[in-house]
Amino acid sequence: MTTISGDGFKKKSIADDTWAMMEIAQREGIETLWDRLAKQEPQCGFCNLGTSCRICAMGPCRVDPFGDGPQKGVCGADADIIVARNLARMIAAGAASHSDHGRDILETLHRVGEGKTDAYSISEPEKLKTLAAEYGVTTDKKSDQEIAADLAWEMMEDFGMRREKLPLASRAPEARQEIWEKTGTYPRGIDRENVEVLHRTHMGVDNDWVNILLHAVRTGLSDGWGGSMIATELSDVLFGIPTPKTTSMNLGVLKADEVNIILHGHNPMLSEVIVAAAQDPKMLKLAKKGGAKGINLAGLCCTGNEVLMRKGIPMAGNHLMQELCIMTGAVEAMVVDYQCIIPAVTETASCYHTKVISTFDKAKFPGAEHVSFNPENGLEIGQQIVQTAVENFTNRVSERVHIPVEPAPVMAGFSIESLLEVLGGTPTPLLDAIKEGAIRGAVGVVGCNNPKLKQDLGHVELTKRLIENDILVVVTGCAAVANGKAGLMMPEAAETAGKGLGGVCKALGIPPVLHLGSCVDNTRILVLAAALANTLGVDIDALPLAGAAPEWYSEKAVAIGAYVVASGIYTILGTAPPIFGSANIVKLLTEGLQDVFGATFAVEPDPNRAAVLIRRHIEKKRANLGLPALDPESIPMPEVEVALT
Ligand code: XCC
Ligand code: SF4
């Protein structure tokens, strides 16, 4: 039973579609994430501090850093060792998830190269050739298919143990690569770094907490400059380089008179073929026969971002919307691939006619129908899934359909390539605006929703404060959806930006908040930062940049945080990872890393205060570069506003 009622809704989210659906959940007695969170409270204090350990059968152990309880586990591990091991394992799990996604796309490229797929081909031959050159693969007198085969073979080495350095990491400025070499964090093989985390954190292997964390950083870097970057680059090669398009976001994108199919998860392989199948005249005819006016696709989470930026498919919502969108009663099928799909969706779906269709053999869900996806006959599988959804339309109960809001328009789908095109082919206009001070700097606002924090508030308030102060914001993942729903991703939002940023956006016809895609597309931010640094002849940490993950929940976000900071970008988290049990590790991450990587983490739940920390940081970087800058201390720090934390 749902436990959140009345005004309680408004404390949980700033989004009106969320409020409307929480009311329905209450009326119909359907449990949501928020209800289950309430039942978990109070959550375990040891786990929150990071000082519980269950990695061997002498345990589980808990150490009590602030009390009279035990200070060591059975093996003798203290709080530093336990926190470091737990954090390293979080980073490894996150890096493994992104990188395994990258591997799936790479295997698809390999199949294209072998001519073993009915569904995929090379959409961007130029990008394929550029990548081939980076990997030393010759392209002379070769067809795209042959290049794909050779490049895929070569890239597979990135996952193994033959490389001393990941090739894509050489996109980083020389000075950055030297730091990685000096600290032993230059990523080698993607799988190798991940496995080594598991080895080192087994009982009785690496017990030097700094040494554990340095390797965790290396693993994070193997995600950012490896697995995730491969996912992004090859998705562009196979499915197209994203270009800005106008589409819409929130639950209002669902259509009461059409078959609605939700595409949820992260990997665009399947959703691309579903987009194709949904346009098939045969399917449309079938839909009409069942009484529907058409077939409407809508995204959720990062699969949604992938098809939004390449195909203009509208976005139903972010992470916390997955149960709620089923409660509209208008969803015929929720097609899931992997990551961030809460197992509870099948139970919610069982209260409606909605079918949850799982598709990857590595991601099955009790209560879901499973259609095993295989890129070799992807087209056929896409059609089968669309047909199942279409046939389910007749089971819809029209009295239960409730689509609560009107869709919010967004301009989304910037890639570095399309951004350069908007700028006239070179980054110079952007750099000039930064140098003059019209734009003070740029910030990536990224990451998830987390039911412990008011949904979308951190993303939206932080973004507003930044653009008001002439800081360009780039967004990915669920943060992008929050800002889209709030209307910040339209060119008109330039009106709410400061004079400098607003002027630049108006001149270019772009929003002050640029959608760069899914979470693996955070690597587009790395590529942009590296290109700007290389143009200026400095390292990334010299640039007036920052990152923020105001509402993160996922292990993937921890991996992203690790590679972003180790790439030289100061990063603010809205909620802390479980590290507070080790004062040493808190000090290392918030201060010590400055001397190693030129950047640190900070934790600040209040978005107004986070914005000031970022603004001060950016002004410091500007001053160091000799650009016109404010005195950081002249930017006043607001008091904590309880409603915002
Ligand atoms: Fe998942 Fe990527 Fe987080 Fe959203 S932002 S909750 S990871 S879908 Ni990536
Ligand atoms: Fe306890 Fe050490 Fe085993 Fe962890 S590794 S469960 S601290 S004995």
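Me: Where is Cys 519 found?
Reply: Cys 519 is found in the loop between strand E13 (513-517) and helix H22 (522-536). These labels are DSSP runs numbered from the N terminus, with helices (H or I) of at least four residues and strands (E) of at least two. You are looking at a predicted model, where local features need pLDDT of at least 70 and side-chain atom pairs count only at pLDDT 80 or more, while totals for chains, interfaces and linings use all residues. Residues are numbered from 1 along each chain as its sequence is written, chains are lettered from A and ligands numbered from 1 in the order in which they are written, and side-chain values use heavy atoms, leaving out hydrogens and water.

Me: Which residues surround ligand 1?
Reply: Among them are His 266, Cys 301, Cys 302, His 319, Tyr 553 and Lys 556. A residue is near a molecule if one of its heavy atoms lies within 4 Å of it. The shell around ligand 1 has 7 nonpolar, 4 polar and 1 charged residues. Here Ala, Val, Leu, Ile, Met, Phe, Trp, Tyr, Cys and Pro count as nonpolar, Asp, Glu, Lys and Arg as charged, and the others, Gly among them, as polar.

Me: Why is the place where ligand 1 sits called a cavity?
Reply: On a 1 Å grid over the protein atoms alone, a cavity is a set of points where a 1.4 Å probe fits but cannot get out, whereas a pocket is an open set with protein on both sides within 12 Å along at least five of seven lines; lining residues have an atom within 4 Å of a point. Ligand 1 sits in the largest cavity, which means that more than half of its atoms lie within 2 Å of the grid points.

Me: Which residues lie nearest the centre of the largest cavity?
Reply: They are His 266, Cys 340, Cys 448, Cys 519 and Lys 556, out of a lining of 14 residues. Helix H13 (301-311) and helix H23 (555-566) each give two or more residues to that lining, and H23 gives the most, with 3.

Me: What is lined by 35 residues?
Reply: That is the largest pocket, and Cys 47, Met 90, Lys 452, Tyr 553 and Pro 578 lie nearest its centre. Its lining has 20 nonpolar, 10 polar and 5 charged residues.

Me: Which peptide bond has omega near -5°?
Reply: The bond from Glu 41 to Pro 42, which is cis. The bond from Gly 59 to Pro 60 is also cis, with omega near 5°.
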